[in-house]
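Subject: Structure handover

Hello,

Here is the structure for you to take over. Please open it first, then read the notes below.

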Amino acid sequence: MPRRISINHDLCRGCNLCLEMCPKQVFQESSEIGAAGFRLKQVALPDECTACGLCELYCAGAISLEPLPPEEFADIMAQEERRTSTGQRRGGWKEVDSLLEPGRYFMAGNEAIVEAALAAGCEFFAGYPITPANEILEGMSRRMGETGGRFIQAEDEIASVYMILGASWAGLKAFTATSGPGFALMQEGLSLADMAEIPCVIVNVQRAGPSTGQATRPAAMDMREARYGSHGGVQRIVLYPDSVQEVFDMTIEAFNLAERFRTPVILLSDGYLSHLAEKVAVSGCVKVFDRIYVPGRPAFGPTSDSSVPSMPRFGDGENVVATGSTHDVSGKRSTTNPTVQENLVFYLNRKILEHREELVDCEELFLDDAETAVVAFGTVGRSAKWAVKEARKLGRRVGLLRPRIVYPFPSQRIKELCRTVNQFVVPEMSQGQMVHVVSEKVARDVVSLPQPNGQIIDPRRILKYLVEGVW
Amino acid sequence: MNIQELRKLSLREQRTTFCPGCGFETFINCFLRAVDDLGRRMDDYTFTEGIGCSAWISNNYFKADNFHTAHGRAIPAAIGLKAANPQLDVITIGGDGDLASIGGNHLIHAVRKNTPIAVFCLNNFIYGMTGGQVGPTTPLESITSTTVGGNTEKPFDLVKLVLGVGGEHASRYPTAYPHLLVKGIKRALVADGFRFMEVVSQCPRQYGTRNQASAAASMLAQQKAVYLSREKARNIDRGEFGDRSVFGDFDNLKEYLDLLPTEE
């Protein structure tokens, strides 16, 4: 009985496997040369065919063996096209009850991160041991067990970051915590999170480097890495609190920002803040944001108004294609088109920067008439605050600017200060990193006060500089 | 449905970018056949991939949720997905360079974690997409763009590697036996725990042209000469075994090693 075999010459690649692998030599080469430059194949002996199917298993889709009646196949295809998402519209702001009883607690910084992550709705943690972030890993291991979340101790920090990215696509709020060397390993994955718009939170408990440096000692040496460390270098949101209360509050904020902007958010801490224990007020109600999903909408930017696109989760039936390659709004790769590439990376910056005014969050002290402004971040800001207050008592016209949101950098605010300020002073637990950012923004004298010795900066040292000009 | 119909139903595009004669077309077809035989649909599965020719299979063509990660990172992403939502049926497709070189550490730790995902490693013995460099499975003496005098580094036996770290479902199927490959894929799709399959695949363009086998059919003939079924491996004279290997499903290292000649 002759078999129904046909060849779609548009799909034939000329590999000759049909000729060579068919046990019955059903196929032959014709003398006709096709558009692709090879001899066209033809079905010569359909009577010999046993329908073993080897030819179609080898073929790049050109061979059709014993097809269904066309109407039957058309029905199957039509059914396929009618299938739609099984997901429901979801996401946005909501208020949830705190997991902890409202009240005052005495907690270390790392402990506050654990409790605040749970309060923000985090249900997935993956991490790898590293000092001084270990208490977060251990705390999440214990608390995820108690709250029904998922905890994985990964084989390294590279795996940690990809696990949270996978979990994020499954729809969970996810985070990891690390320190300098681990943070460096995570940069590749963070770049993917930028490109594929994957919400996640990364806590970097900074320690003195370079390299292994002083693992137990505080530093602020990854300030620029947090913003520019990944290849591609698009806008990041970076937070750096200065007290355990702020660690708690800003951990929740980090999750909310990650979900709102579909971006990795870096929460900086350091070897001091991680183990500093102090009081934390926990309210009974937490305001949290969940990523927005609208069935059927494109899952990726660029959007025309730089708004954040709908984010389905895997299993919603949207057949999401999430990729770190340059892609269009459907996720389909477009790796050679310069316009697609440029529009995408501009958009990745814009979706955050168009909200930059709302992302200005600074503690300010005596800046109305200050001639000297101390610009300090995180733990150093705490020392600077005391020094500025004491210097004021001595009649010095000094003030403090402490951006809690480090990036996007509050450029506009710092430029406004130039009305009265003629000198900016930037004390840092490094050889001077943020001093360059400040210098870029203002045409004023900018002084670096570096202390890369693995110690917190003694407030009296900053005071001495403000009073005597000696560092 | 025949394969052409399954491709229309389950692939985003009908014409792939793989070179003529590439074994990945065979893997695609066998995978479609396996899914159909199981009465399931492509989008019942969720895919993660890394970088390389193999990663293009699910990322570019399979109509399903998929997460195309960086080079070597498909397994941790799959573990994250599966742990976050155990209802998802998570599959990783990668190549030998992707899963056994840059992602090698993730592979062995995934075995230890025993996360229930299926990993298909399309082993074409070379880095295809980047131009034919030596990989972790490139045979000794093979010519590649970075071993022009022949490879001098001992290749990994991926099945032995996975079984050696405690894997309980490791299999190997060459594209030279597509019907057996379909059966192997079906077993890998339905089994419990962590599943690993090495799909021995021909790369006529990058590997074949440098190593006297530029026709896909001759590479398949070589596969048939090298890869023996369990039955044949058991019966062949030990002295005759030479550089041959064995294919099939294996659930422990001893069983696998017993089929191979004892190393001197």
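Start with two helices of chain A, H6 (residues 157–169) and H7 (residues 180–195). Their axes come within 8 Å and cross at roughly 30 degrees. Axes here are lines fitted to C-alpha atoms, for helices over the stretch in contact, and angles run from 0 to 180 degrees between N-to-C directions. Helices (H or I, at least four residues) and strands (E, at least two) are DSSP runs, numbered from the N terminus.

This is a predicted model, where local features need pLDDT of at least 70, side-chain atom pairs count only at pLDDT 80 or more, and totals for chains, interfaces and linings use all residues. Residues are numbered from 1 along each chain as its sequence is written, chains are lettered from A and ligands numbered from 1 in the order in which they are written, and side-chain values use heavy atoms, with hydrogens and water left out.

**Helix pairs**

H6(A) and H7(A) are therefore roughly parallel to each other. (Under 35 degrees counts as roughly parallel, over 145 as roughly antiparallel, 65 to 115 as roughly perpendicular, and the rest as oblique.) Their crossing is right-handed. The contact residues divide into nine nonpolar, three polar and two charged. Ala, Val, Leu, Ile, Met, Phe, Trp, Tyr, Cys and Pro count as nonpolar, Asp, Glu, Lys and Arg as charged, and the others, Gly among them, as polar.

Now take H11 (residues 378–393) and H14 (residues 459–468), also in chain A. Their axes come within 8 Å and cross at roughly 45 degrees. That makes H11(A) oblique to H14(A). This crossing is right-handed. A:Trp386 is among the H11(A) residues that take part, and A:Ile462 is among those of H14(A). By class, the contact has 10 nonpolar, one polar and two charged residues.

**Pockets**

A pocket is an open set of points on a 1 Å grid over the protein atoms alone, with protein on both sides within 12 Å along at least five of seven lines; a cavity is a set where a 1.4 Å probe fits but cannot get out, and lining residues have an atom within 4 Å of a point. Points are joined across faces, edges and corners, and a volume is the space filled by probe spheres set on them.

The largest pocket has a volume of about 1,400 Å³. Of its 39 lining residues, the closest to the centre are B:Pro155, B:Val226, B:Asp243, B:Arg244 and B:Ser245. H10(B) gives the most to this lining, with five residues.

The second largest pocket has a volume of about 640 Å³. Among the residues closest to its centre are A:Glu318 and B:Asp43. Its lining divides into eight nonpolar, 10 polar and 13 charged residues.

**Cavities**

The count comes to three cavities of 30 Å³ or more. A:Cys22, A:Pro23, A:Cys49, A:Thr50 and A:Cys52 are closest to its centre.

Best wishes

Methods
A crossing is left-handed if the near helix is turned anticlockwise from the far one by less than a right angle, and right-handed if clockwise. Contact means heavy atoms within 4.5 Å.
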